[in-house]
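Here are a few exercises to work through with the model open beside you. Take each task first, then follow the solution step by step.

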Amino acid sequence: MSGRYLTASLVALALLVAVVHGDVRASKKDAALLKQKLATITEHGEKAIKQPRKTILTESEVNSYLVFDAKEQLPAGVVEPWVTALGPGRVSGRAVVDLDAVRKSKKPTSLLDPMNYLFGRLPVMATGTLKTSEGVGRFELESASAGSIPIPKVLLQEIVSYYSRTRENPAGLSLDDPFALPARIREIQVERGQAIIVQ
């Protein structure tokens, strides 16, 4: 598995788990540290090594990487992603999203469709629990908002689907679907301020 695929998977996970901005400042040093760790995780994932390996990714490293090195991995219309590890198992995420693009991409359903009332670029936030086991992850949503307005899960799903579409997966990611963890990662243990990657 290539480092590019792992990076894209982590960015997709960050978007899927979209987050609340913390007090951590981004630094090029932390971004470089995460880049090295991703390379090591990828290298370990390509080898048939049975001995478990743990790698700690700090909140600061992940967010610094998102600020300085992941811009090309982000879909057009998504900026300023930020991830917060609330622990234990709970994560929160935030990204500024172009909601006009999402609204224009779908056929209007009715005047009561909440998407009709969200315009421009707004921070979209979500909080939930990340559960992982035996190489498979699942995200359970607790709450979501666009700007200061709480939004239902169905609306967050529209946003996630639109911005995670690919040629291979034109419907995009589903909030309810389990997903395979890349690079032979067995589980991700989320603690306050960090995540432990177990391969």
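**Exercise 1.** Classify Asp-176 by its relative accessibility, then find its salt-bridge partner.

*Solution.* Step 1: Asp-176 has 41% relative accessibility, so Asp-176 counts as partly exposed (buried is under 20% relative accessible area, exposed over 50%, partly exposed in between, with a 1.4 Å probe and protein chains only). Step 2: its side chain meets that of Lys-153 in a salt bridge, 2.4 Å from N to O (a side-chain nitrogen of Lys or Arg within 4 Å of a carboxyl oxygen of Asp or Glu). Step 3: Asp-176 sits in the loop between H5 and strand E7 (179-180) and Lys-153 in helix H5, so the pair ties together parts 23 residues apart in sequence (helices, H or I of at least four residues, and strands, E of at least two, are DSSP runs numbered from the N terminus). Step 4: Lys-153, at 37%, is partly exposed too.

A note on the source: this is a predicted model, where local features need pLDDT of at least 70, side-chain atom pairs count only at pLDDT 80 or more, and totals for chains, interfaces and linings use all residues (pLDDT is the predictor's confidence in each residue, from 0 to 100). Residues are numbered from 1 along each chain as its sequence is written, and side-chain values use heavy atoms, leaving out hydrogens and water.

**Exercise 2.** Describe the salt bridge between Asp-100 and Arg-103.

*Solution.* Step 1: the N to O distance is 2.9 Å. Step 2: the two residues are three apart in helix H4 (residues 99-105), so about one helical turn separates them. Step 3: Asp-100 is partly exposed at 21%, whereas Arg-103 is buried at 19%.
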